[in-house]
Amino acid sequence: MTKMAENTVRERLALAKQQGYLVEVHNLPGDDYFNVGFVVGMDQLFCLLISIDWDGKINGLIVIRISSIQAVLKQTDYLTTVSEKTKVAHRYHYFDVWRVQKFLDEHPAITSGNLLENALQDSYSNDLPVVIGTRKYKGNDDFTGKIAQLDRIQLVLHYFNEHDLSSLWEYQVLLAQIDYLRFRGTQMATAQQIFADIFPED
């Protein structure tokens with residue numbers, strides 16, 4: 001996929017936020033994986049999406065570095081399909097099992113200001129797992145864990161490897177290297193269970 005000019009990306013994100021329609025956000029190399037969602041926040045560096053999964057239900061929140069975005073698309077066949085699936089998710093009451101919309105209604109400040117800092121502080125102060133994707137790995141690998149330390153320059157993540165649960169691992173991440181951060185959704189909930197059962201705190 002040809003990378004769009006950053007100005008075009010910003011314009012498309014701003015329109016999607018203003019008009020409230022579903023978009024594809026392509027921020028990883030190749031066309032096999034991309035994010036689908038509703039844009040609910042933008043700052044100079046990041047956008048914030050309510051992420052929608054392939055079942056048409058809310059998968060959580062994600063902040064994505066705008067400079068890493070290849071393209072923002074609307075009205076694709078895939079989006080039409082996902083939109084139809086959201087109707088079923090609403091009808092059978094599983095569209096928002098993680099209560100993301102309620103969280104945003106109660107914490108509107110998280111959608112403005114420094115979006116990455118907001119997401120990190122929310123997860124750190126509430127001891128909630130996150131998924132971090134970095135510029136170094138470009139989607140080939142991301143890290144699921146809890147933020148053990150956080151300052152304005154970097155964080156320390158205690159993360160687990162699904163293929164090696166012998167211990168937790170530690171990863172120091174410069175905030176400037178973060179391409180995306182997933183929080184308050186499916187991966188948060190499943191990671192909480194793994195931490196509770198396999199890595200209980202002393």
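Predicted model: local features only at pLDDT ≥ 70, side-chain atom pairs only at ≥ 80, totals over all residues.
**Cores**

The largest nonpolar core has 36 residues, and the members that touch the most others are Val63, Leu155, Leu181 and Phe183. Another core, of 18 residues, lies apart from it and includes Val9, Tyr21, Val23 and Val39.

Which residues does phenylalanine 183 contact, once neighbours within four places in sequence are left aside? The list consists of Leu48, Gly60, Leu61, Ile62, Val63, Ile110, Ala119, Asp122, Ser123 and Val130.

With residues up to four places away in sequence not counted, alanine 119 touches Val63, Leu181 and Phe183. Along the chain, alanine 119 and valine 63 are 56 residues apart, while 7.8 Å separates their C-alpha atoms.

Serine 123 has a relative accessible area of 2%, under the 20% cut-off, so this residue is buried. Its contacts, again without residues up to four places away in sequence, are Leu128, Val130, Ile147 and Phe183.

**Aromatic rings**

Six aromatic pairs are found in a search of the whole structure. One of them joins phenylalanine 143 and tyrosine 171: the ring centres are 4.4 Å apart and the planes are at 40°, so the pair is tilted. Phenylalanine 143 belongs to strand 7 (residues 142–150) and tyrosine 171 to strand 9 (residues 164–174), so the pair ties together parts that are 28 residues apart in sequence. Are these two residues buried or exposed? Both phenylalanine 143 and tyrosine 171 are buried. Ring pairs also bring in Tyr159, which forms a cluster with Phe143 and Tyr171.

| Charged residue | Ring | Distance to ring centre |
|---|---|---|
| Lysine 146 | Phenylalanine 195 | 4.9 Å |
| Arginine 184 | Phenylalanine 103 | 3.9 Å |

For lysine 146, the charged end is the part that sits over the ring of phenylalanine 195. Arginine 184 lies over the face of phenylalanine 103.

**Cavity**

How many cavities of 30 Å³ or more are there? The count comes to one. The largest cavity holds about 60 Å³ of space. Its lining has 14 residues, and those closest to the cavity centre are Val131, Arg182, Phe183, Gln187 and Met188.

Helix 5 gives the most, with four residues.

**Loop residues with positive phi**

Arginine 99 is not a glycine, yet has a positive phi of about 55°. Its place is in the loop between helix 2 (77–91) and helix 3 (100–106). The relative accessible area of arginine 99 is 56%, over the 50% cut-off, so the residue is exposed.

Aspartate 127 is likewise not a glycine and has a positive phi of about 55°. This residue is placed in the loop between helix 4 and strand 6. With 37% relative accessibility, aspartate 127 counts as partly exposed.

Methods: Residues numbered from 1 in each chain as written. Heavy atoms only, no water. Core = buried A, V, L, I, M, F, W, Y, C linked by side-chain atoms within 4.5 Å. Buried < 20%, exposed > 50% of the residue type's maximum accessible area, 1.4 Å probe, protein only. Contact = heavy atoms within 4.5 Å. Phe/Tyr/Trp six-rings, centres within 6.5 Å; stacked < 30°, edge-to-face > 60°. Helix = DSSP H or I, 4+ residues; strand = E, 2+ residues; numbered from the N terminus. Lys NZ or Arg CZ within 6 Å of the ring centre and 35° of its normal. 1 Å grid on protein atoms, 1.4 Å probe; cavity = no way out; pocket = protein on both sides within 12 Å on 5 of 7 lines; lining within 4 Å. Points joined across faces, edges and corners; volume = space filled by probe spheres on them.
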